[in-house]
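I wanted a quick look at the overall build first, and then at one spot in more detail.

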Amino acid sequence: MSDIRKPLGKRIAQLRKQKGLTQEQLSEMLDIAKNSLSNIESGRAFMSFSKIQKLIDIFEIEPFELFVFDKEKEVKTLNKGLRRAVNLIKYDKNKVMLAYEYINNLIE
């Protein structure tokens, strides 16, 4: 059985940084010591259910999102695939135009 502490700690640190919070700020919001948060983020400690619930509220996420550990890896893989696809069609003007229109419609 694998230990969830390391990937969960890494995910908490990732979400904290995305929210623009320091460890000190988040530890104050959670009402825990800064070194406790450091231990949690490094996978050396775990937190109570009530603190996990508070994290979900602070980060404004759905509960499952706290446990999505490979999202960064998934995005890198998708970006790599997209670059590969662009390289395959870059000499076909019609395909490039279709891809541009499709992507432009996605972001509008």
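This is a predicted model: local features need pLDDT of at least 70, side-chain atom pairs count only at pLDDT 80 or more; totals for chains, interfaces and linings use all residues.

Entry 1, overall build. I began with the radius of gyration, taken over C-alpha atoms, where the globule rule is 2.2 Å times the number of residues to the power 0.38. The chain comes out at 20 Å, whereas a compact globule of 108 residues would be near 13 Å. I also looked up the extents: along its principal axes the C-alpha trace spans about 60 × 35 × 20 Å.

Residues are numbered from 1 along each chain as its sequence is written, and side-chain values use heavy atoms, with hydrogens and water left out.

I found six helices and zero strands in the chain, running α-α-α-α-α-α from the N terminus. Both kinds are DSSP runs numbered from the N terminus (helices: H or I, at least four residues; strands: E, at least two).

I got 22% of the 108 residues as buried (under 20% relative accessible area; exposed is over 50%, partly exposed in between; 1.4 Å probe, protein chains only). Of the contacts (heavy atoms within 4.5 Å) with a separation of 6 or more, 58% are between residues 24 or more positions apart.

I placed Glu41 in helix H3, residues 34-41. What does its side chain pair with? I found a polar contact of 2.6 Å to the side chain of Arg16 and another of 2.7 Å to the side chain of Gln23. By polar contact I mean a pair of N or O atoms within 3.5 Å; within protein, one must be able to donate a hydrogen and the other to accept it, and residues adjacent in sequence count only if both atoms are side-chain atoms. Leaving out residues up to four places away in sequence, Glu41 touches Gly9, Lys10, Ile12, Ala13, Arg16 and Gln23.

Gly9 counts as buried because its relative accessibility is 1%. Apart from neighbours within four places in sequence, Gly9 is in contact with Ile40 and Glu41. I also checked Phe59: it is 50 residues from Gly9 in sequence and 14 Å away in space, C-alpha to C-alpha.
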